[in-house]
Amino acid sequence: MKTWSGVIAVAGVLVLGAACTSSGAGGREVRITQKDDGCTPASISVTPGEKLKLVVKNSSSKDFEVEGIEGAQLQEVVIPEGRTRTPGFTVPSRDGVYKIKCYVPGGVSTIIELTAGGATTPQSKQPDAPTENSASFAPSDATLNVTLADYTVTPDATSVKAGAIRFIATNVSTDAVHELYVLKVKDNGSLESLGEIESIGPKQNGSMVLDLSPGKYRLACFIVPGEAGSKVDHYQKGMHTDITVE
Ligand SMILES: [Cu+2]
């Protein structure tokens, strides 16, 4: 019995994979659909080294983003409400499970697992190096120190002068990975991601410089269950706070 249910489960995944994909120039097309309750499919069977063309359609009423996490090399792409974007993704050449996070900042999220080869266990975790982007930073520019804890985001000031602002994020957690997103809070309340320091390990820090105009901004961590070993949604747990740029 156990063997048969396993075979049926595998066959189901293959049928799903075939149903939502087709071949085309620029890689095999894999369709991902975003709705108000999340993204589908949640799992995709791929071949090591395969080139994919992700056809990401946003059928929801919010702006979605997709990006690779835990080492998957897919740059963040914003898919505005009602639009379609087609980022390419090359599956790494070794068997493994590669994760793409499909989400609304501060809202729903789905982790789409791309399983390459016969892997049944996730690839070894490879956190991204902390972002260091200080090229445009001058000593006279403002610095905002941000403390990330389980599960709070605490800047050392709630207002900063407009211009180049250096964000230095320190994760004081003893065991959890956190990240720092800086988002513009638009007039209609929606969020636009402007920059991020990803995958800051326990007791680690990272920095980035952003040029910000006056307005309201949100500092947030968007790690969700299944990402970086987390069992909880950090944003929902309270990992966000707003600052004013004047
Ligand atoms: Cu966090």
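How many bridges pair strand β10 with strand β11, and in which sense? The pairing is antiparallel and runs over 8 bridges. This and the other close-ups below come from a predicted model.

**View 1. Strands β10 and β11 in an open sheet of 5 strands.** Strand β10 covers residues 96-103, and strand β11 covers residues 109-116. Tyr103 has Ser109 of β11 as its bridge partner. The order of strands in the sheet is β4-β11-β10-β6-β7, and the pairing is mixed.

**View 2. The open sheet of 4 strands.** The strands follow the order β13-β12-β15-β18 with mixed pairing. At the edges lie β13 (152-155) and β18, each of which pairs on one side only. From one strand to the next, the twist averages 25°. β15 and β18 run antiparallel and are joined by 8 bridges. Ala164 has its bridge partner, Asp211, in β18.

**View 3. The copper site.** Four residues coordinate the copper ion: His178 through ND1, Cys221 through SG, His234 through ND1 and Met239 through SD, at 2.0 to 2.6 Å. The arrangement is irregular because the 4 donor atoms subtend angles of 87 to 140° around the copper ion; a tetrahedral assignment would require all angles to lie between 85 and 135 degrees. Along the chain, the donors have the spacing H-x42-C-x12-H-x4-M. His178, in strand β16 (residues 178-185), and His234, in the loop between β19 (215-220) and β20 (240-245), are 56 residues apart and link distant parts of the chain. Both His178 and His234 are buried.

**View 4. The largest nonpolar core.** This core has 24 residues, of which Phe167, Leu180 and Leu219 touch the most other members. At least two core residues come from each of β12 (142-149), β15 (163-171), β16, β17 (191-200), β18 (205-212), β19 and β20. A second, separate core holds 23 residues, including Ile44, Val46, Phe64 and Cys102.

**View 5. Surroundings of Leu219.** Neighbours within four places in sequence are left aside here. Leu219 is in contact with Leu144, Val146, Val153, Pro155 and Phe167, among others. Further contacts of Leu219 include Leu180, Tyr181, Val182, Thr241 and Ile243. Met239 and His240 are also among the contacts of Leu219, and Met239 supplies its SD atom to the copper ion.

Key. Residues numbered from 1 in each chain as written. Predicted model: local features only at pLDDT ≥ 70, side-chain atom pairs only at ≥ 80, totals over all residues. Heavy atoms only, no water. Donors = N, O, S within 2.8 Å, 3.2 Å for Na, K, Ca; no water. Tetrahedral: all angles 85-135°; square planar, octahedral: opposite > 155°, others 65-115°. Buried < 20%, exposed > 50% of the residue type's maximum accessible area, 1.4 Å probe, protein only. Core = buried A, V, L, I, M, F, W, Y, C linked by side-chain atoms within 4.5 Å. Contact = heavy atoms within 4.5 Å. Pairing = 2+ DSSP bridges. Axes fitted to C-alpha atoms, helices over the stretch in contact; angles between N-to-C directions.
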